[in-house]
Amino acid sequence: MDSLTSLTSFVRTAETLSFVQAGRLLGISASAVGKNVARLEHKLGVRLFNRSTRKVSLTTEGAALLVRCKHILEQLNEAESELTNSAAEPVGKLRVSLPVAGYRLLLPALSAFNRRYPQVEMDLDFSDRLVNIIDEGFDVAIRSGELADSRLTARRLGEFSFTLCASPGYLEEKGVPVSPAELTSHRCIFFRLPSTGLLQPWELKGLRPGAPLSSESVLTVNNIEAAIGLSLAGTGICYLPDFIVREALAEGQLKEVMHGYCTKQGHFSAVWPSGRYLSSRVRCFIDFITESGLSV
């Protein structure tokens, strides 16, 4: 309990940069706040504040500790709130990391979630980089592929396939390929994975796994929307998750080629830190997204 008191005193002082104001917020004297912080510094063996007669400022170590402590105290407050009123409506900020292409798939579900839980403030970060969920303070992330970080827990969501497609204009000009061998006479649009810098391999029947794909010319992008835009403009053939181009295929803006040749299957997962208390807003978000099925 002494540690919790010291952490609370540290956080309030860090937020106000004043022992006096921190004391007012906590209902104790500035001297008591100072002693609590000093006790914490002694225990950790680091100086958390730069002190002078005029001002108080955080050290580098103090700033790093503040990020973690605020989250800890927030979790404690949420746990207390949930235990005292389990039927309360989920409230507060929810930080979610999503892939850039996820907006095509997830926006309907996110809008429905927002309507059901209007008091949850959603902070959505659309990025294809592999974010560090724990260090960057995300509550949950939507990811594709297998889970590699043992500190995280995942719940499998919807599955998807890959497809080869091109614009009608391009196919009229260059012809329709019917096998991997015929791709050598076509322009291909490759996608470079932002998380690794590697090219997304085209996994096709009759093509050895990992084998390079020969083509007339190659254009490489690291943005899914750019790949779609180039395909729509008649630049070449692209290899993309089916849900991303479903609308364009349905409207005839793109046409699938070499149907049945794509072998790769993928899936999405909701991912969050293992062993961490799940606030009601995080739990209801994970449950809601799982139930939605993502419509892949």
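The model is predicted. Strand 6, residues 152–166, pairs with strand 11, with strand 9 and with strand 10. Strands 3 and 4 are parallel partners. The largest nonpolar core holds 55 residues.

**Strands 3 and 4**

- Strand 3 spans residues 92–98, and strand 4 spans residues 120–126.
- Seven bridges join strands 3 and 4 in the parallel sense.
- Gly92 has Val120 of strand 4 as its bridge partner.
- Helix 5, residues 102–116, carries the chain across from strand 3 to strand 4. This β-α-β crossover is right-handed.

**Strand 6 and its partners**

- Strand 11, residues 265–273, runs antiparallel to strand 6, with eight bridges between them. Here Ser161 stands opposite Gln265.
- Strand 9, residues 237–241, is also antiparallel to strand 6, over four bridges. Tyr239 in strand 9 stands opposite Leu164.
- Strand 10, residues 255–257, joins strand 6 through three bridges, again antiparallel. Val257 in strand 10 is the bridge partner of Leu164.

- Helix 7 covers residues 224–232. Its buried residues are Ile224, Ala227, Ile228 and Ser231.
- Seen down the helix axis, these buried residues fall within an arc of 95°, so they line one face of helix 7.
- That buried set packs against helix 5, strand 7 (187–191), strand 8 (217–221), strand 9 and helix 8 (242–250).
- At the start of helix 7, Asn223 places a side-chain oxygen within 2.8 Å of the backbone nitrogen of Glu225.
- Just after helix 7 comes Gly234, with a positive phi of about 85°.

**Arg116, in helix 5**

- Arg116 belongs to helix 5.
- Its relative accessible area is 46%, so Arg116 counts as partly exposed.
- Setting aside residues up to four places away in sequence, Arg116 touches Glu89 and Phe288.
- Arg116 and Phe288 are 172 residues apart in sequence. In space, their C-alpha atoms are 9.8 Å apart.

**Asn36, in helix 3**

- Asn36 sits in helix 3, which spans residues 30–44.
- Asn36 is buried, because its relative accessible area is 8% and the cut-off is under 20%.
- Not counting residues up to four places away in sequence, Asn36 touches Thr5, Ser6, Ser9 and Ile28.

**Nonpolar cores**

- In the largest nonpolar core, the residues that touch the most other members are Phe113, Ile142, Leu164, Trp202, Leu204, Ile237 and Phe285.
- Leu204 is in contact with Leu164, Pro180, Leu183, Tyr239, Met258, Tyr261, Cys262 and Thr263, leaving aside its neighbours within four places in sequence.
- Another core, of 16 residues, lies apart from the largest one. Its members include Phe10, Phe19, Phe49 and Val56.

How values were computed
Residues numbered from 1 in each chain as written. Predicted model: local features only at pLDDT ≥ 70, side-chain atom pairs only at ≥ 80, totals over all residues. Heavy atoms only, no water. Pairing = 2+ DSSP bridges. Helix = DSSP H or I, 4+ residues; strand = E, 2+ residues; numbered from the N terminus. Right-handed = clockwise from strand over helix to strand, strands pointing away. Buried < 20%, exposed > 50% of the residue type's maximum accessible area, 1.4 Å probe, protein only. Contact = heavy atoms within 4.5 Å. Arc of directions from axis to C-beta. Polar contact = N/O pair within 3.5 Å; in protein donor to acceptor, adjacent residues only side chain to side chain. Core = buried A, V, L, I, M, F, W, Y, C linked by side-chain atoms within 4.5 Å.
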